Amino acid sequence: MAKLQAIRGMNDILPENSLSWQYLEAAFQRVVRRFGYQEIRFPILEQTQLFKRSIGEVTDIVEKEMYSFDDRNGDNLSLRPEGTAGCVRAADQHGLLYNQQQRLWYQGPMFRHERPQKGRYRQFHQFGVEAFGMPGPDIDVEVLQVAATLWAELGLAEYLQLELNNIGSAEDRKIYGAALTEFLQSREDQLDDDARNRMHTNPMRVLDSKNPDVQAALAGAPELDEFVNEESKEHYAELQALLSASGISFIENPRLVRGLDYYNNCVYEWTTDTLGAQGAVCGGGRYDGLVAQLGGRQTLACGFAIGIERLVLMLDSLEKIPAAALQPIDIYVTCIGDRVTKQTLALAQAIRTTCPDLGVISHCGGGKFNGQLKRAFNSGAKLAVILERDGDSATDLQTARIRVLDDSAATETHEISAIPAKVAEILEISAS
Ligand code: HAM
């Protein structure tokens with residue numbers, strides 16, 4: 001019978017790769033903690049309505065990419081395609097948004113039925129940051145500082161570029177959309193079917209068309225910028241001034257509209273040219289209308305999400321992860337001969353107590369000296385502690401040997417009780 005395989009576009013993360021993920025997760029959590037953000041966890045499944053009402057009915061995500069189904073009660077549910085909607089739903093449901101400021105973060109899997117390719121998957125993972133109750137632009141800059149600090153921490157700052165745009169208010173976009181529809185109608189014969197459909201439902205998405213004929217037809221189209229209200233423009237100008245003062249460089253991209261409907265004022269993406277086609281590593285902006293749109297009180301909000309797979313791809317291909325983070329085993333304790341098991345388990349445990357930051361494997365499953373030593377080398381450990389009894393004896397071993405697992409086969413012998421302190425000394429770490 002054929003073996004079952006994982007679903008296309010949904011990846012297993014194997015032990016050798018999970019070390020990169022752990023490194024990145026630890027860095028992200030350190031950074032958000034430094035900025036005073038607190039973690040929120042919310043379900044992977046929500047009512048489909050939540051995503052329709054927040055991301056927008058006429059978006060690629062809602063129209064084509066959601067994993068939606070009726071459950072056994074007939075409720076229509078969807079796997080979350082992103083985190084902002086669930087974060088807002090959870091925070092509002094539990095009263096976190098009422099007259100309060102909140103700085104929240106989350107991480108976890110998201111699901112979109114897109115065409116899989118490098119950097120684009122059907123189950124992917126995001127780190128997200130959402131801030132509530134502040135008008136900005138100070139908070140917008142703070143949120144961008146969180147991302148910039150992470151890039152610096154990971155050694156990726158020079159590979160990432162911040163692109164900004166101001167998309168104004170929902171009202172501005174409505175008026176702009178009407179002007180754009182009128183313009184597109186005048187060129188209807190030059191559009192493809194997709195653009196002709198979008199022209200009435202979500203004309204701004206026509207601007208993203210990959211079809212060169214459609215792009216040609218767009219020449220001379222009205223620009224969103226001309227329709228943006230004065231207050232938005234002031235916010236945007238101040239944001240740019242604060243970013244420059246904070247040393248965060250950016251470029252303006254008037255074509256950046258984002259694929260989710262809830263944004264207003266500033267939107268942004270951090271992009272890289274190190275990943276090929278899927279160059280957006282982080283996207284976000286303000287979404288001051290979303291909480292009210294979902295039935296809560298009017299609450300100002302902004303945030304971003306980072307694609308973890310894309311960041312891991314960057315870290316791996318640019319070799320930015322320190323070797324130590326990719327090597328979780330430090331010491332391998334062998335167990336050779338009769339009646340050594342009890343002492344091996346005890347010594348490995350004593351080393352763990354003395355050196356709590358080290359990874360210590362206690363050999364299990366018996367076997368000969370050479371086989372165990374080979375496992376020690378293969379584990380990537382720096383040291384082997386060799387507990388070995390040759391021949392038969394009823395008494396406990398008094399000594400063990402330490403071998404540095406490099407090309408020299410030299411060993412040094414010590415009293416077993418002295419071994420934990422000795423390995424700490426050799427590895428130059430402080431013993432507790
Ligand atoms: P988004 O731009 O749809 O925004 O996704 C954010 C990031 O998730 C992208 O920049 C990308 O790195 C990653 N990503 C998206 N789709 C995929 C995929 N199929 N495979 C791999 N990575 C992917 C949002 O999701 C908003 N909720 C961000 C936000 C938070 N806005 C305000 N707060």
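These legends accompany close-up views of a predicted model. Local features are given only where pLDDT is at least 70 and side-chain atom pairs only at pLDDT 80 or more, while totals for chains, interfaces and linings use all residues. Residues are numbered from 1 along each chain as its sequence is written, and side-chain values use heavy atoms, with hydrogens and water left out.

**View A. The packing of helix 5 against helix 9.** Helix 5 (residues 138–154) and helix 9 (residues 230–245) pack with their axes 9 Å apart and at an angle of about 45°. Helix 5 is therefore oblique to helix 9 (angles under 35 degrees count as roughly parallel, over 145 as roughly antiparallel, 65 to 115 as roughly perpendicular and the rest as oblique). The crossing of these two helices is right-handed, a term used when the near helix is turned clockwise from the far one by less than a right angle. Asp-138, Asp-140, Val-141 and Leu-144 of helix 5 make the contact with His-235, Leu-239, Leu-242 and Leu-243 of helix 9, where contact means heavy atoms within 4.5 Å.

**View B. The aromatic pair of Phe-28 and Trp-105.** A search of the whole structure finds 8 aromatic pairs (rings of Phe, Tyr and Trp, the last by its six-membered ring, with centres within 6.5 Å; planes under 30 degrees apart count as stacked, over 60 as edge-to-face and the rest as tilted). Phe-28 and Trp-105 form an edge-to-face pair, 5.7 Å centre to centre with 80° between the planes. Because Phe-28 lies in helix 1 (residues 15–34) and Trp-105 in strand 5 (residues 102–111), the pair ties together parts that are 77 residues apart in sequence. Both Phe-28 and Trp-105 are buried, that is, under 20% relative accessible area, whereas exposed means over 50% and partly exposed in between, with a 1.4 Å probe and protein chains only.

**View C. The aromatic pair of Trp-151 and Trp-270.** Trp-151 and Trp-270 also form an edge-to-face pair, at 5.6 Å centre to centre and 75° between the planes. Trp-151 belongs to helix 5 and Trp-270 to strand 9 (residues 264–271), so that the pair links distant parts of the chain, 119 residues apart. Trp-151 and Trp-270 are both buried.

View D. Arg-198 is buried, with a relative accessible area of 9%. Leaving aside residues up to four places away in sequence, Arg-198 touches Val-58, Asp-60, Glu-63, Pro-203, Arg-205 and Val-206. Arg-198 and Val-58 are 140 residues apart in sequence, yet 8.5 Å apart in space, C-alpha to C-alpha.

How values were computed: Axes are lines fitted to C-alpha atoms, for helices over the stretch in contact, and angles run from 0 to 180 degrees between N-to-C directions. Helices (H or I, at least four residues) and strands (E, at least two) are DSSP runs, numbered from the N terminus.
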